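Open the structure in your viewer and keep the selection tool at hand. The stops below are meant to be taken in order.

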Amino acid sequence: VQLQASGGGLVQAGGSLRLSCAASTRTFSSYGMGWFRQAPGKEREFVAAISWRDGSTYYADSVKGRFTISRDNAKNTVYLQMNGLKPEDTAVYYCAAPPKYSYYPYEYFYWGQGTQVTVSS
């Protein structure tokens, strides 16, 4: 499975961005999906995930209430809507997928190339 993330950019604090991640598989609906981020000098951290089975969603405490993960199985795409952005959200954002039919918590196996999000104060 190849993953292609897009939608990053520069935004002012309080603004919004929507990230997209397109997957190259015909069985996208069978994969859980997740978003991670890595800020300069910091370790990669979990942001959000969505289940393949029932659409259940999971969030890091730092983004709960501001970010929303969703998926469109017809378009083989997962999204991350980011509202109320803060300078501390600045990072490279990666989408990832575990093996097919995995149950949460996931062990991610497939990774996209990342998209830069920069939030100015």
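The tour goes from a sheet to a core and then to charged pairs.

This is a predicted model, in which local features need pLDDT of at least 70, side-chain atom pairs count only at pLDDT 80 or more, and totals for chains, interfaces and linings use all residues. Residues are numbered from 1 along each chain as its sequence is written, and side-chain values use heavy atoms, with hydrogens and water left out.

Now pick Ala22: Thr77 in S8 stands opposite.

**Core.** Next select Met33, Trp35, Leu80, Met82 and Tyr93. Within the largest nonpolar core, of 30 residues, these touch the most other members. Such a core joins buried Ala, Val, Leu, Ile, Met, Phe, Trp, Tyr and Cys residues through side-chain atoms within 4.5 Å, where buried means under 20% relative accessible area and exposed over 50% (1.4 Å probe, protein chains only).

**Charged pairs.** Select Arg37 and Asp89, whose side chains meet in a salt bridge (2.9 Å, N to O); the term means a side-chain nitrogen of Lys or Arg within 4 Å of a carboxyl oxygen of Asp or Glu. Both residues are buried. With Glu45 included, Arg37, Arg66 and Asp89 belong to a network of salt bridges. Finish at Asp61 and Lys64, another salt bridge (3.1 Å, N to O), where both residues are exposed.

How values were computed. Two strands pair if DSSP finds at least two bridges between them. Helices (H or I, at least four residues) and strands (E, at least two) are DSSP runs, numbered from the N terminus.
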